[in-house]
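Dear colleague,

Please find below the structure that I am handing over to you. My notes on it follow directly after.

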Amino acid sequence: MGVPVSGTVLQIPAIEARRRPRVLILGGGFAGLNAAMALAKLRVDVTVVDRRNHHTFQPLLYQVALAVLSPANIATPIRSILRSYKNIEVLMDEAVGFNTTLRRVTMKSGVEMDYDYLVVATGATHSYFGNDAWAQYAPGLKTVEDATEIRRRVLLAFELAERQMLETGSHPPLNFVIVGGGPTGVELAGAICDIAKLYMRHDFRHIDPTMARVLILEGGPRILAAYPEDLSRKAVEQLNELGVEVHTGAQVTDVKPGYVMIGGNQRLDAIVTLWAAGVQASPLGKLLGVEIDKRGCVMVDATLNPVGRPEIFVCGDLAHVEQDGRQIPGVAQPAMQMGTHVARMIAQDLKHQPRKPFHYFDKGDMATIGRLAAVAKIEWPFKAHWSGFMAWLTWLTIHIYFLIGFRNRIFVFFEWAWTYFTFTHGARLITGSQDLPGWSEQQGVETVVNSIPLDTTSPGFITHQHGQVVSPEKEVAKQAVS
């Protein structure tokens with residue numbers, strides 16, 4: 001088959017044979033789900049395959065990670081979403097190989113599935129730039145499992161500090177380090193500050209959660225590099241108001257239990273390290289046997305097809321799509337539009353009409369920073385750069401609107417309202433192991449040469465043993481326990 005060209009009518013064997021084409025969709029994320037729902041209106045049979053049984057609303061994952069929301073608030077079973085579409089079936093499995101000549105996909109279960117059209121929308125995962133050993137010390141945030149693991153580590157840090165303060169009268173500095181200053185890193189940093197300084201400040205008797213130190217380490221010259229410079233500056237200002245320290249030009253060269261190395265010779269102790277510095281495409285892109293870029297994204301043409309493969313569509317984070325000389329970002333908005341466009345192109349094939357090229361309609365970008373703080377680059381229905389309360393309110397409204405399921409929208413709305421007015425979180429659960437990587441390395445360690453120092457000069461604070469800074473009120477509480 002030739003390369004799809006605008007104005008060319010493609011010859012699809014299933015359509016020529018007058019039978020219902022079988023569309024196989026790999027991935028139940030934004031692209032795959034939108035493709036499936038749009039295809040439900042066509043005379044095709046659709047199979048959606050995902051290795052998990054649920055669709056995750058990834059823009060709110062950080063709120064699960066920081067105990068604002070529970071996983072059920074942002075994740076919905078794929079079967080429940082698609083159950084009303086009679087021509088769609090859902091399988092929980094994982095693709096492990098392709099035979100594009102026979103149009104067949106091999107699944108992890110051993111099953112081989114045939115297709116007339118293949119939609120690959122398996123997203124992206126973390127990139128540690130060749131240092132995969134860092135993953136155990138600095139988890140990233142892509143799945144519900146990642147979010148609950150981050151929640152476990154952050155909450156456990158405070159619990160272990162409380163216990164050690166009671167037992168020994170001291171605890172290591174509560175340094176939370178986020179590597180990467182993109183939207184995920186900014187959201188995580190602001191949320192940690194919120195939970196420490198607002199929502200848990202009265203919950204402990206022997207430690208002061210407000211003394212937690214949150215740092216963003218960004219290797220580039222500024223955070224939110226994909227946003228306009230004025231919004232990047234506004235983001236820094238709002239982060240500083242929350243108490244987040246932003247360090248740009250800080251190249252992390254190693255991640256170890258309990259600390260990170262910056263520039264090769266500067267050590268920064270970290271009770272919890274989180275990774276938000278890079279992503280790479282799903283490994284399925286390489287298995288397709290087509291051209292990929294350096295991040296593993298599949299190079300596709302104007303109709304979202306690899307060269308010479310009009311029956312294969314690649315969407316979302318896995319697709320390298322360029323428009324106006326720039327690559328379209330791997331976020332939810334373009335992924336949803338790509339999924340819908342795939343259905344339009346298959347509909348054009350069914351009508352023996354030429355396909356039309358994909359065009360990304362950019363409505364803008366926004367990132368939340370913390371309570372009443374956000375930045376927004378608005379492109380539609382008007383152009384504007386907002387920050388602060390208006391950006392935050394817009395962010396809330398849009399994310400509630402795009403949540404899948406009426407129940408989730410109601411639950412999230414009331415959860416946010418309850419949190420806003422009562423300063424309490426309802427999902428602060430620690431599950432799984434009670435071991436915190438790096439905790440034992442922190443105990444009894446004196447101030448480290450070349451570490452970025454804590455500010456111990458503020459009036460009203462005294463230095464306890466092991467360099468821990470505590471307030472006079474906490475010192476009195478400790479002596480009372482003794």
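In this predicted model, R213 is buried, its relative accessible area being 5%. The partner of R213 in a salt bridge is E245, and their closest N and O atoms are 2.6 Å apart. E245 belongs to strand 13 (residues 244-248) and R213 to strand 12 (residues 213-218), so this pair ties together parts that are 32 residues apart in sequence.

Since E94 sits in the loop between strand 5 (88-92) and strand 6 (95-99), and K108 in the loop between strand 7 (104-107) and strand 8 (112-114), the pair ties together parts that are 14 residues apart in sequence. E94 is partly exposed at 27% relative accessibility, whereas K108 is exposed at 61%. Through salt bridges with shared partners, R51, E94 and K108 form one network.

A further salt bridge brings together the side chains of R104 and E112, with 3.8 Å from N to O. Both ends count as partly exposed: R104 has a relative accessibility of 28%, and E112 one of 49%.

Turning to the strands, is strand 1 (residues 22-26) enclosed or open? Four of its five residues are buried, so strand 1 is largely enclosed by the rest of the structure. Strand 1 pairs with strand 2 (residues 45-50) in the parallel sense, over five bridges, and L26 stands opposite V49 of strand 2. Together with helix 2 (residues 30-39), these two strands make a right-handed β-α-β unit. Strand 1 also runs parallel to strand 9 (residues 117-120), to which four bridges join it; here V23 faces Y117 of strand 9.

A search of the whole structure gives one cavity of 30 Å³ or more. The largest cavity holds about 60 Å³ of space. Its lining consists of Y137, R153, K256, P257, G258, A270, I271, V272, T273, L436 and P437. By class, seven of the lining residues are nonpolar, two are polar and two are charged.

With kind regards

Key. Residues numbered from 1 in each chain as written. Predicted model: local features only at pLDDT ≥ 70, side-chain atom pairs only at ≥ 80, totals over all residues. Heavy atoms only, no water. 1 Å grid on protein atoms, 1.4 Å probe; cavity = no way out; pocket = protein on both sides within 12 Å on 5 of 7 lines; lining within 4 Å. Points joined across faces, edges and corners; volume = space filled by probe spheres on them. Nonpolar A, V, L, I, M, F, W, Y, C, P; charged D, E, K, R; others polar. Buried < 20%, exposed > 50% of the residue type's maximum accessible area, 1.4 Å probe, protein only. Pairing = 2+ DSSP bridges. Right-handed = clockwise from strand over helix to strand, strands pointing away. Salt bridge = Lys/Arg side-chain N within 4 Å of Asp/Glu carboxyl O.
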